[in-house]
Amino acid sequence: MKKSFYLFSLILMIIGCSEGDIIENNINFTAPLQNCSNGDNFVIFKIDSAINQAISLSFTSTTFELNTVPADITVPLTIQLNTTTNLLISRQFDTAINATYFCASIPPANVNVTQELISNNGTLSINYTIASETDTEIVYDRNFMFSSVTFEGEDIELRQEVFNLGTDQFTIPKP
């Protein structure tokens, strides 16, 4: 009787320790970062036209600007992802898209999303470094790094502990 109880308890523990449908996977896009903004609303995105897939970061911030740097570039700007205003979204489409999909006030109507994974948590860190400097301008690298992101979609949950969306560059003239 004791052996049956221990065997039953062991089986129950093994089944009870399952993480469910959490899938560890890597989302990688080799495409360049693109961006657009409307006031305090920003979209940073990558489009992989070979597989009709895109990943986009949509967020609202009063301290972020596309072509300026913070007063102290040694301190990363951090933004908490949520399910309403600050989103990281991976989408698969039925046809090729371009930047108009993200930057137009009304996206094209002839594009259908076949799969969508939306972040429900995580933290974005935007880091700045000086790439080069001349007498007339400074070129900055800006990196978008995520931590502890969970994507959710229909019948799927994807966890990324560390996710580097990528780095873009911009130039600012010296005063």
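Biologist: What does Ser56 touch, not counting residues up to four places away in sequence?
Modeller: Ser56 contacts Val43, Ile44, Phe45, Leu87, Leu88, Ile89 and Phe102, leaving out residues up to four places away. Contact means heavy atoms within 4.5 Å. This is a predicted model: local features need pLDDT of at least 70, side-chain atom pairs count only at pLDDT 80 or more, and totals for chains, interfaces and linings use all residues. Residues are numbered from 1 along each chain as its sequence is written, and side-chain values use heavy atoms, with hydrogens and water left out.

Biologist: Is Ser56 buried or exposed?
Modeller: Ser56 is buried, at 5% relative accessible area. Buried is under 20%, exposed over 50%, partly exposed in between (1.4 Å probe, protein chains only).

Biologist: Which strand is Ser56 in?
Modeller: Strand β4, residues 53-60. Strands (E, at least two residues) are DSSP runs, numbered from the N terminus.

Biologist: Salt bridges now. How many?
Modeller: Four. The rule is a side-chain nitrogen of Lys or Arg within 4 Å of a carboxyl oxygen of Asp or Glu.

Biologist: What does Lys174 pair with?
Modeller: Glu133, at 2.8 Å, N to O. Lys174 lies in the segment after β9 and Glu133 in strand β7, so the pair ties together parts 41 residues apart in sequence.

Biologist: And Asp168, which residue does it form a salt bridge with?
Modeller: Arg142, with the closest N and O atoms 2.9 Å apart. Asp168 is in strand β9 and Arg142 in strand β8, 26 residues apart. Both are buried.

Biologist: Where is Val139?
Modeller: Val139 is in strand β8, residues 137-153. Val139 is buried, at 11%.

Notes
Helix = DSSP H or I, 4+ residues; strand = E, 2+ residues; numbered from the N terminus.
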